[in-house]
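The sequence and the structure come first.

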Amino acid sequence: MKSPCLRNIYLCSFFLSIVFLSNSCKKTATTADVVTIPVVITTSTILDVTSTSAQSGGVISSLGNGGLTANGVCYSSTNTTPTTANAKTSDPIATNQYSYPPFTSNLTNLTPNTTYYIRAYATNSAGTGYGSVVKFTTSTSLTATIATVVTFAGNGTAGYVDASGLSAQFNNPEGVTVDSKGNVYVSDTYNSLIRMITPAGAVSTVAGTPATIGYADGPAASAQFYAPQGSAFDSQGNLYVADFGNNVIRKITAAGVVSTYAGDGTAGYRNGAATSSNLTGTSDSLCMFNNPQAVAVDVAGNVYVADRGNNVIRKILPTGRVITIAGTRTAGYVDATDELASFNNPSGIAVDAQGNVYVADQGNSAIRKITSADVVTTIAGGPTQSTLLNLPSGLAIDNTGNLYIVDESGRVFEYTSANVLYNLAGNLNTSGFVNGTGVGALFSNPQGIAVDANSNIYVADQYNNCIRKITIALTQ
C-alpha cells in the first residue's frame, strides 16, 4: 500500500506541472502587439509656392506598430487646424525603407493670394495622427521664377591661372563673397589663395602666395593661407577669411595687408583674447578655433564664426574678445538657448540687419536661426528631412532679408522672408557641369554662395573648379 504522504506528494507535483504547462502555453501580450496612432511630422517649409500650387509633405516618425493605410497633407483656408475632412492629398504610402519614412505632397488648384493652413496626416488601424500646422500664402499673379545659370569664371579644369572668364583656372574653390563695387572674392581653397573677379570677369590674385601652403601675415602678395574657406566684408571694406587649415580668422585690409584677427593657430576650443594684443593680464588666454569654415559681419562690426570642428557658433567682438553664442562641442540637434543648443558641423553663416544669425547646420541638414538673445530655432530642414535640404554648406542674405542656400547635393535655394523655400537651380543628388535654367542646370559639390546688390547669385562650384552666376527673372 502506498503511503498517503507519498500520494499527496504525487498529486501536488501533478497539479504544479499542470499549472506550469498552462502558464507556459499562454501568450503574453506585449507593447509591440498594440497598434497606436502613427506619429507624423509636417515638413517645416513650404516649397515652390505659386499662385495656384505648392509642395509640402511629412515624415513618419512612428508607424504605431501597424501598417499605414493613408498619408498626405490636409489643408484649408478657413480651418486653422485642418483635418482629413478638409481638402487633402493622398500620397504613396511611406514605407520602412527609411528610418523616418518621408512623403511628398503636391498641392494644386489653390486660390491666388490666399492664406492656407496645412499639416501632415498618417492613418493606420488605430486612427489618424496629425503633424503641426504650417501657414503659407499663395502669390497674387500667375508668375514663375526662372533662374539661369552660367559659368562666370573657370572652365572645369583644376589649376591656377589669372585670366578672364573661362580662361581662368581655380582649384576646388569653396568660399565666395561680393564687395560694394560688385567684385567677387573667391577663397580658392586648394590653391590657398584669395582671388578676385571683376564684374567684367577678369580674375586676379589679391592675397596669398601661389603654390604655397603656410601661415604668414604681412603684405597680401607674400602672405600665406592654408585652405581658406568662407569670407565676408565689413562696412569699411576689410575682408575677413576663415583660414580653415590654420584654425584662425584672417583680416585683409583695403590696403592689402593681411593679419591674424583671432586665434593662435592651434586647433582647440577656448574663449578669450582674439590676439596677443588683446590680452588683459597674465591670467588671460588666447582664443582657439577648430577648422573655422565660415564668417559673417554685422553692422556693428561683430564677426560671427561657424566653428565647424567645435560644433559651435563664435562671436568676435570689436573689443578683441571671443565668446561662444550658441552650441556645445558635442555634435547634436537641440533647439535651445546659448550653450544648451547643439549643432553638427556648422558650415555656413549669415547675419541680417536685425542681428539675427543664420547657420547652415550641415550635419543636421538644417538651417538654424539664432536671435540677438541667443535663442536657437530651426527654420528649415532637420535630420529627418534630409531630402528637403541635403547637407547645406553655404548661406547668403540679401538686403530684403531673403536667404540663399547651397547644399552639397547640388542645389541652390531661396528662402524668402515669407518662409517659403524655392529650388532655384540644380537637382537633388545629381552632379554635373551643365549651364541652363532651373533643375536643368547641374553643379558638383557646391560650397559657398553670395548675392550682390542687383540680386545676382554667385556659387563656388567646388568640384567643377569654377564660379557660377545665377540671374533671376519673373515670367508670366
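How many of the ten residues of β7 are buried? Nine of them are, which leaves β7 mostly covered. Buried here means under 20% relative accessible area, exposed means over 50%, and partly exposed lies in between (1.4 Å probe, protein chains only).

## Basis of the model

This is a predicted model, in which local features need pLDDT of at least 70 and side-chain atom pairs count only at pLDDT 80 or more, while totals for chains, interfaces and linings use all residues. Residues are numbered from 1 along each chain as its sequence is written, and side-chain values use heavy atoms, with hydrogens and water left out.

Helices (H or I, at least four residues) and strands (E, at least two) are DSSP runs, numbered from the N terminus. Two strands pair if DSSP finds at least two bridges between them.

## β7 and its partner strands

β7 pairs with β4 in the antiparallel sense over seven bridges, and Ala122 of β7 is the bridge partner of Asn71. Four bridges join β7 to β9, also antiparallel; here Ile118 has Val134 in β9 as its bridge partner.

β7 is also joined by four bridges to strand β8 (residues 127-130), and these two run antiparallel. Asn124 stands opposite Gly127 in β8.

## Nonpolar cores

A nonpolar core is a set of buried Ala, Val, Leu, Ile, Met, Phe, Trp, Tyr and Cys residues joined through side-chain atoms within 4.5 Å. The largest has 19 residues, and Ile118 and Phe136 touch the most other members. At least two residues of this core come from each of β3 (54-62), β4 (70-76), β6 (102-107), β7 (115-124) and β9 (134-137). β7 gives the most, with four residues. Another core, of 16 residues, lies apart from it and includes Ala294, Ile313, Ile325 and Val376.

Contact means heavy atoms within 4.5 Å. Leaving aside neighbours within four places in sequence, the contacts of Ile118 include Thr42, Ile46, Val73, Cys74, Tyr75, Leu107, Val134 and Phe136.

## Cysteines

How many disulfides does a search of the whole structure find? It finds zero, a disulfide being a pair of cysteine sulfur atoms within 2.5 Å. Cys74 counts as buried because its relative accessibility is 0%. Cys466 is likewise buried, with a relative accessible area of 0%.

Strand β10 (residues 144-153) pairs with β36 in the antiparallel sense over nine bridges. Val150 stands opposite Lys469 in β36.

A further open sheet has five strands in the order β15-β19-β18-β17-β16, and its pairing is antiparallel. Its edge strands, β15 (218-219) and β16 (228-233), each pair on one side only. Strand β17 (residues 239-243) and strand β18 (residues 248-252) are antiparallel over five bridges, with Lys251 in β18 as the bridge partner of Tyr240.

## Asn464 in its loop

Asn464 is found in the loop between β35 (457-461) and β36 (466-475). Why does Asn464 count as buried? Asn464 counts as buried because its relative accessibility is 8%.

The side chain of Asn464 makes a polar contact with the side chain of Asp461 (2.8 Å). A polar contact is a pair of N or O atoms within 3.5 Å; within protein, one must be able to donate a hydrogen and the other to accept it, and residues adjacent in sequence count only if both atoms are side-chain atoms. Not counting residues up to four places away in sequence, Asn464 touches Gly156, Gly432, Phe433, Leu442, Phe443 and Ser444.

## Aromatic pairs

Rings of Phe, Tyr and Trp (its six-membered ring) pair if their centres lie within 6.5 Å; planes under 30 degrees apart count as stacked, over 60 as edge-to-face and the rest as tilted. By this rule there are five aromatic pairs. Phe152 and Tyr458 form a tilted pair, 5.4 Å centre to centre with 55 degrees between the planes. Phe152 lies in strand β10 and Tyr458 in strand β35, so the pair ties together parts that are 306 residues apart in sequence. Phe152 is buried at 11% relative accessibility, and Tyr458 is buried at 3%.

The rings of Tyr185 and Phe233 have centres 5.0 Å apart and planes at 75 degrees, so this pair is edge-to-face. Tyr185 and Phe233 are both buried. Ring pairs also link Tyr75, Tyr116 and Phe136 into a cluster.
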